[in-house]
Amino acid sequence: MDSNDRDPSETREWLDAAESVLKAEGPKRLAYLLDQVLGTARRGGAVVPARLTTSYENTIPVAQEERSPGDQELEHRIRSYVRWNALAMVVHANRHSSELGGHIATFASAATLYDVGFNHFFRAPSATNPGDLVYFQGHSAPGFYAHAFLEGRLSEEQLRKFRQEVDGGGLSSYPHPWLMPDFWQFSTVSMGLGAIQAIYQARFMKYLHDRGLLDTSGRKVWGFLGDGEMDEPESIAAISLAAREALDNLIFVVNCNLQRLDGPVRGNGKIIQELEGLFRGAGWNVIKVVWGSYWDPLLAKDTKGLLLKRMEEAVDGDYQNYKSHDGAYVRKHFFGTDPELLDMVADMSDEDLWRLNRGGHDPHKVYAAYAAAVKHVGQPTVVLAKTVKGYGMGAAGEAQNITHQQKKMAEPALKAFRDRFKIPIPDDAIDEVPFYKPPEDSPEMRYLKGRAAAMGGSLFVRRREAAPLKVPDLSAFDNLLNGTDDREMSTTMAYVRILSTLLRDKEIGPRVVPIVPDEARTFGMEGLFRQIGIYSPAGQQYAPQDAGQLTYYREDAQGQMLQEGITEAGAFSTWIAAATAYSTHGLNMVPFYSYYSMFGFHRFGDLAWAAGDMCCRGFLMGGTAGRTTLAGEGLQHQDGDSHVLMSTIPACVSYDPTFAYELAVIIHDGLRRMYQQQENIFYYVTMMNENYAHPALPRGSEEGILAGMYLLSQAEAAAGEQARRVQLLGSGTILREVIAAAKLLQSDFGVPADVWSVTSFTQLRRQGLDCERWNRLHPGQQPRVSYAAKSLAQRSGPVIAATDYVKAYADQIRAFVPARYIVLGTDGFGRSDTRRQLRKFFEVDRHHVAVAALDALAQDGRIPAATVADAINRYGIDAERPNPAWS
Ligand SMILES: Cc1ncc(C[n+]2csc(CCOP(=O)(O)OP(=O)(O)O)c2C)c(N)n1
Ligand SMILES: [Mg+2]
C-alpha cells in the first residue's frame, strides 16, 4: 500500500473510471481527459510533477504491435549467418596480425536492429525511389560487410582483407567514403558526428523539398547510435532543432546495450529512462523497446505491478550483470528479492528465465517500433532499444566489461557461438573460421534476394557524380576584376558581391546555399535576408521589427539562406549535407558557409576532417580572419592559426587572398573544379574586414593566384643597388604592410624590393613536397622544380615573408626557397587594440618587415650590420621588449 494514499477507495474509483474510458473510448480520449484534469489541478495550485519518463516498459502495448509480414524463421537464419561472418572477419583480421583490431560485440548487440531495417524498412536507391539514408554506427561495420557479402555485393576475398587496405581491395575499418567511394556514404565513427549529421541531413532534405529543387517526401533518414555515444555534445546538440522543425523524416535508433568501452554507460541509473526524458523534453516521439516477447505473459500476469516495480528498481549495472551470468543467477538476484516474484516464475526453468529476452533482440518488437516510427507524423522519432553487448558471445564476452575490445575467440567460444546460432560448420573446420554463405538456390538466399529486391537493391551504394553545373565565365566578376579605383572595401564585401552575382546566375543561382551561424551582419550579408529570404518551414508568422527597412529580417518557407543560429557544428553539418548533395541526392549544390574563422576549425575540426572523408564539395569562408586584422575583439577572437589547422585536411584547398580580384579568381576556379570537373576537394578561404582600395587583376596573374604566388611589383634598381635586392612575400592584409615596407626599403635604404602576393603557402608547400617526392623516387632524371622555387629563381636576394598567421604558416615553403628565408608571423595570444598597434606588437608591420629584410641582407654580407641597427633605431623598435610569441 502507498503510504501517501489517504483514501484508497477514492483512488480506486478514479482508476476504475480511467480503465472504463480506456476500454470504451480508447487511449486518446483518456489522454484528453487526463490533460483536462491536470489543467484543473495546476490552476488550483497543485504542484503536479512534470514527468517526462514513463514506466520501464515498452511504449507500444502488445495489442497495438504491428506484426512483421516476414518469414521469421528464415530471417533468423540469415541474421545468424551475418552474425557469424561478421565475427569471422574480425577473427581473421586479427589472426593475420593482432595489430589490425576490430569489434565483435557492438554488432552482436545490434544485429536485429539492422536486420529488421534491411528486410522491411530501409529503401535502397532505385529507379522508382531515391531511397532512404542510413547513418550506421561506425564500429558495427563488420556486420554491414557481412550483410553485403550475403547480398553478393562483396566477395569473400574482400572480407578476408578487412582492415588491410594499402594494397587495394581491402575493406575499411569503418564507414569511409574516401576509401570506399562506391559503398559508404557517411563518416560516422567519430562518436556524435552521425547524430548531428543525420539531423541536419533530414532538415536539408526538407529545405530541398520546400524550395522545389527535389521531391524528398516520404524519404527517411535513419541514425543509428550507441548509448555511450549519446554523451557526446554533438549527439544531442541538435535534437531540439529536429523537433522544432518537425522532422518526421528522421528516426534515431539508440542501441542501448548498457555498455560503452570501459564499462556500463549508467551503472547506477537507467540510460533508457534518461534518454527518454531528454528526447521527450526536446519534443520527440519516443518509442522504448525494453522487453522482448518472452516477457509478455509475465507482464500480463503482473496485476499488482510487482514485476514492473522490480524492473524499475534494478539499475543498468544489475541488468548488465544478469546477462553475464545465467538463468539461475537471474532467478536468485532479480526475481529472488520478493517471494511473490519467485512464485510468478516457479514453473519456469532456469533456461526459460535465460530466454527472457530484451526488446532489441526481438524482431517482433523491433518491427513494431519501426512500423510506428515511419508512420509518425509531425515529430522526429527515437527508438530506444535495450540489448546485450556481445550478444551470443557467451563466456567470451557477453555483457562483460571487456567485451568491447574482444577481437579473438578461442575454439570453444567459436563452437559455442556456432551452436547457439546453428551455423552449419563442422567441428573439424571450426578452427579455420570459414565464412558461410548458403547455396544460391537455398531458401535463405532466395529470401534474402527477394527482400533486397523489394527494398530496391543494396543500400551500400554511393554515387560519385551528378550532372555538372555550367560555371559562368570569369568575366561575370568584372566588377571586382577591374579594381575599385579609390573606393575602399574589405574582402568580405567583395565576397558578398561575388555571392550576389552567383545568386543571379540562372544555373548556379538556385543551387547556392548561403549558410551563417548568426553572423550575417558581421559579414555585411544582411542584404541577403530580404533578397533571398531565410529558410523557415513555418514561414514568417510575425511582423518583423525592421519591416520598414530595405534589408528587413525576412523568414520564408522557401527561403534560400540557412540561418543556423549559434551552432558552428550545426551549421557545418548543414554545409556537409549540401556539400555531399551531388552524391546523396544527385544534385550539385553550392554551399557557402561563412563564419568567424576563429570559431571554425577549433570548434568543428572533427566534422571538417570527416567532410574530407565524405568528399564534400563547397566553400568555407572564414571571416574576420587574421590575428591583427580583427582589431578590438581580442584573444579569443583573433585568428592566427586557422590556415595551419585547415592545411592538415588533405582535401581542403585553402587561400588567404588580399585583393578582390584574387578572391574572384579563386572562387571561380573552385566552382570550375568542384562543379564542372567534380573534383573531391573543398575550399577554405579567409576574408577580412579591413577596408582598402583594390587594384585591377594584373594581366596573366591567374595562374599564380591559383598556384599560390605571383609577382605583384618589381622594384627598379639604380646602379649598384641590384646586389641589395630582396624578395618580399605577403598574404592577406599583411601584404599591404609588405608593400609599404618595400617603399620604405627603397626610400630609406636604397634597397630594391620585389613584392609577391602569396595567396596560399599551403598550396605551394603541397606542390613543392610533391616535386621533392617525385625527385627522390626518380633518381637520375631531370628533377622537377617546385612552383615556389621556380618563381623565386628568376629573382635575386633573400626572401622575407610576413602574414597575419603564426610563423608556421609561411614557414611551410622553407625547403623550396632558393635563398635565405625569414618568416614573420603572429605567434602568441592576441589582444585588443588598433590594427596598427597589433601589427607593431606582433612585429609584422612595415617596419619589422623592413628590418627583417635588412637583417637578411646583412647576414648575406650585402650590407653592414650597422644598417640594421640604424633601421631599428629609426623605426623606434624596442629591441629589448619581451617576445610576443609568449607574452
Ligand atoms: C569521438 C570518439 N571518441 C572515442 C571513440 C572511441 N570509441 C569507439 S567505440 C567506443 C564506445 C562506444 O560505446 P557505445 O556508443 O555505447 O557503442 P556500443 O559499442 O556499446 O554499441 C569508443 C569510446 C570514438 N570512436 N569517437
Ligand atoms: Mg553501448
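Ala, Val, Leu, Ile, Met, Phe, Trp, Tyr, Cys and Pro count here as nonpolar, Asp, Glu, Lys and Arg as charged, and the others, Gly among them, as polar. By these classes, the lining of the largest pocket divides into 23 nonpolar, 8 polar and 15 charged residues.

This is a predicted model, in which local features need pLDDT of at least 70 and side-chain atom pairs count only at pLDDT 80 or more, while totals for chains, interfaces and linings use all residues. Residues are numbered from 1 along each chain as its sequence is written, chains are lettered from A and ligands numbered from 1 in the order in which they are written, and side-chain values use heavy atoms, with hydrogens and water left out.

**Pockets**

A pocket, on a 1 Å grid over the protein atoms alone, is an open set of points where a 1.4 Å probe fits, with protein on both sides within 12 Å along at least five of seven lines; its lining residues have an atom within 4 Å of a point. Its volume is the space filled by probe spheres set on the points, which are joined across faces, edges and corners.

| Pocket | Volume and lining |
|---|---|
| Largest | about 2000 Å³; 46 residues |

Nearest the centre of the largest pocket lie Leu-22, Glu-57, Asn-58, Thr-59 and Pro-61. Helices (H or I, at least four residues) and strands (E, at least two) are DSSP runs, numbered from the N terminus. Among the elements that each supply at least two lining residues of the largest pocket are α1 (8-25), β4 (285-289) and α17 (363-375), and the largest share, 7 residues, comes from α2.

**Nonpolar cores**

In soluble globular proteins, nonpolar side chains tend to be buried together. A nonpolar core is a set of buried Ala, Val, Leu, Ile, Met, Phe, Trp, Tyr and Cys residues joined through side-chain atoms within 4.5 Å; buried means under 20% relative accessible area, exposed over 50% and partly exposed in between (1.4 Å probe, protein chains only).

Which residues touch the most other members of the largest nonpolar core? Of its 88 residues, they are Ile-199, Phe-252, Phe-335 and Trp-575. Helix α7 (residues 193-210) gives the most to this core, with 11 residues. A second, separate core of 85 residues includes Leu-528, Tyr-655, Ala-853 and Tyr-875.

**Single residues**

Gln-560 sits in the loop between β9 (555-556) and β10 (562-563). Gln-560 counts as buried because its relative accessible area is 10%. Its side chain reaches the backbone oxygen of Val-512 at 2.8 Å, a polar contact (a pair of N or O atoms within 3.5 Å; within protein, one must be able to donate a hydrogen and the other to accept it, and residues adjacent in sequence count only if both atoms are side-chain atoms).

Cys-615, in the loop between α25 (601-613) and β12 (619-623), has a positive phi near 60 degrees, although it is not glycine. Cys-615 is buried, at 2% relative accessibility.

Finally, Arg-776 belongs to helix α30 (residues 761-777) and is exposed, at 57% relative accessibility.
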